[in-house]
Amino acid sequence: MQEKTTMEKITSLAKRRGFVFQSSEIYGGQSGAWDYGPLGVELKNRIAATWWKEMTQLHDDIVGLDASILMHPRIWEASGHVENFTDPLVDCKKCKSRFRSDQVPEEKLNAKKCPDCDGELTDIRKFNLMFKSHIGAAEDSASVIYLRPETAQGIYVNYKNIIQSNRMKIPFGIAQIGKAFRNEIVTKNFIFRTCEFEQMEMQFFVKPGTDEEWFNEWRKRRWAWYEKLGVKMDNLKWHQHGPDELAHYAKEAWDIEYLFPMGWRELEGVHNRSDYDLNRHARFSGKDMQYIEQESSNGGNSVSGRYIPYIVETSAGLTRTVLMILCDAYDEEKVADKGNDDDWRTVLRFHPAIAPVTVAVLPLMKKDGLAELAQDIRRELKENFATDYDQAGAIGRRYRRQDEAGTPFCITVDYESKDDGTVTLRFRDSMEQVRVHRSALTERLLKEIRDYKRV
Ligand code: GAP
């Protein structure tokens, strides 16, 4: 039998442990859509919270926004998405399969032959990736509405509101996390490329001429974020977009790529979008999108300049980051030499700051008051940590279950705990165990999270 690929193992672990389920599974599934289960939603939320903290709380010059998904359709004309956000497609007239023409082998494409069944392929045509619908009762061209294909535009059309309401001065940024939708033709590789996904985007508004400096600064900062998350940095690299790859809005673009099980793929893009978007919105809306620079002097403020700012964008996929973190954390480790399945453990080495469960409390036995004592300790820890409780089965099995869920710390409550108030603190990565008094647990765990280093 063929060995499962790492992606198959991760997909099956994700389902088995409640990270990610196929959408609409009981109806045969909906391609391009996935549901995040109890552990998955915690992981996704924690990654998002870490990004949000990094971008807003730790940067005085960045504020947040949550714009709507449905926006005026003229926005997508202005942004260039109606005209340019397309994939080149071919269809097989025989088996009806659909392919992106740039992914069909050249000899097949030249011969207009289907790579699957050798049937005749259609001519290449442009296929717009935006989902289109109608708003209101009438289904005519006046009621057309799009699901946003990127969160960025919601920021651009609000940038003047934010300057006015929050007295922002250039350079400054606006951060947003939210859903985006693309009618992707190829959606294999689990949650890598989906039709419904989430983005974490930050748009940094700068004075023209300072854009290259800020672009390099943001490349450095985004790289550092992955280091902070404890990602294996050998699995990350930069890829600069060549002239043929640049998006219609980009002056310069660099991707951070991750070595996924299927190879190096884009994780996040850092783009110099120049003044393209704001210029286009000025033209299409008829509104003045210039930034008014003010100088303060003794007599008050005076206007010292007007310009359309340049925008440096950092655009990461949240759901794609969840997949990256699952791949990066996944490990199989030989832990004993007894010659059976128990010799191996599957472990997700999440950074404790993003692990879905931070600490699991396990009574050695259910009886003799140990379960009650363990529940009591769990109650104390709940205020500061995401906790789990498990009293079912042998203690070794319970540790394995927590390893597989990526829980960095387990606390075992035993007979000694009843006598002297100490418990066993077990570390997921090293499997080391130490005795700690229950009164010192919170401080100790906070310290372990702060000082965590990936082994
Ligand atoms: N605002 C710029 C923008 O949207 P992009 O390179 O098209 O740029 C940015 O997308 C990020 O969004 C990608 O690096 C990727 O992480 C994520 N992303 C894009 N399309 C996706 C899809 N179909 N499924 C999952 N994530 C996607």
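A residue is taken to be near a molecule if one of its heavy atoms lies within 4 Å of that molecule. On this criterion, 21 residues surround the ligand, and the closest are E150, E201, E266, L267 and E313. The structure is a predicted model, in which local features need pLDDT of at least 70 and side-chain atom pairs count only at pLDDT 80 or more, whereas totals for chains, interfaces and linings use all residues. Residues are numbered from 1 along each chain as its sequence is written, and side-chain values use heavy atoms, with hydrogens and water left out.

Polar contacts with the ligand (pairs of N or O atoms within 3.5 Å) include one from a polar side-chain atom of R182, 2.8 Å from a ligand oxygen atom, and one from a backbone N or O atom of T194, 2.8 Å from a ligand nitrogen atom. A polar side-chain atom of R273 lies 3.4 Å from a nitrogen atom of the ligand. Of the 560 Å² of accessible area that the ligand has on its own (Shrake-Rupley method, 1.4 Å probe), the protein covers 93%.

The peptide bond from I170 to P171 is cis, with omega near 5°, and P171 is located in the loop between helix 7 (159-166) and strand 9 (172-181). K96, a residue other than glycine, has a positive phi near 70° and lies in the loop between strand 4 (86-91) and strand 5 (98-100). Most residues other than glycine have a negative phi, and most peptide bonds are trans.

Note on methods
Polar contact = N/O pair within 3.5 Å; in protein donor to acceptor, adjacent residues only side chain to side chain. Helix = DSSP H or I, 4+ residues; strand = E, 2+ residues; numbered from the N terminus.
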